[in-house]
Amino acid sequence: ERERGGTKMDPLAWVVRGVDRVVPLPHVDLTLPRVSRRLFPSWLVVSALMLSYVLVLSGIVYDIIVEPPSMGQEYDSVTGRPRPVAILKYCINGQYILEGLSAGLFFFIGGGGFLLVNYALTSLGRRSSPVVTALAAVGGLAAILIGVLLSWSFLVQKVPGY
């Protein structure tokens with residue numbers, strides 16, 4: 001953010017203003033009806049949005065259309081017996097159900113980390129406990145790191161030698 005004329009300017013505002021000069025953007029006022037504000041508490045709306053986020057990232061649409069098995073099996077090279085596997089190797093365009101749900105959960109952990117870091121950054125200016133702010137920042141950064149590392153480990157298992 002830069003200061004210009006005593007007010008702070010968001011860097012993205014310059015991009016939006018440039019696009020608005022070329023293609024005029026319509027002015028739209030969206031407000032929620034008062035009934036919906038009283039019907040659903042905010043925690044329920046956020047929980048429903050996060051659940052739908054996890055399900056979409058998990059590939060629930062793919063799972064419904066293709067109907068893959070929940071897990072697969074591969075044969076052990078030493079004993080010749082089948083053993084269960086949760087990751088469909090060498091197939092980027094396919095997945096088992098448990099693989100998709102696990103990957104969606106990892107993305108959710110990383111996204112939740114970004115929400116915690118955002119909470120920590122926005123609570124710096126307000127009167128909030130420094131301990132809570134520090135815990136939110138550290139927990140958010142840890143969640144981002146965990147989400148990235150788990151997603152990376154899934155990719156390494158899915159495409160060996162990557």
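I counted six helices and four strands in the chain; helices (H or I, at least four residues) and strands (E, at least two) are DSSP runs, numbered from the N terminus. From the N terminus on, I read the order as β-β-α-α-α-α-β-β-α-α.

I noted that this is a predicted model, where local features need pLDDT of at least 70, side-chain atom pairs count only at pLDDT 80 or more, and totals for chains, interfaces and linings use all residues. Residues are numbered from 1 along each chain as its sequence is written, and side-chain values use heavy atoms, with hydrogens and water left out.

I looked up burial next: 20% of the 162 residues of the chain count as buried (under 20% relative accessible area; exposed is over 50%, partly exposed in between; 1.4 Å probe, protein chains only).

I then turned to Ser-123, which sits in the loop between helix H5 (97-122) and helix H6 (130-158). Ser-123 counts as buried because its relative accessible area is 2%. Leaving out residues up to four places away in sequence, I found that Ser-123 touches Ser-128 and Thr-133 (contact: heavy atoms within 4.5 Å). The side chains of Ser-123 and Thr-133 are joined by a polar contact of 3.2 Å (a pair of N or O atoms within 3.5 Å; within protein, one must be able to donate a hydrogen and the other to accept it, and residues adjacent in sequence count only if both atoms are side-chain atoms).

Last, I checked Trp-43, which lies in helix H3. Trp-43 counts as exposed because its relative accessibility is 59%.
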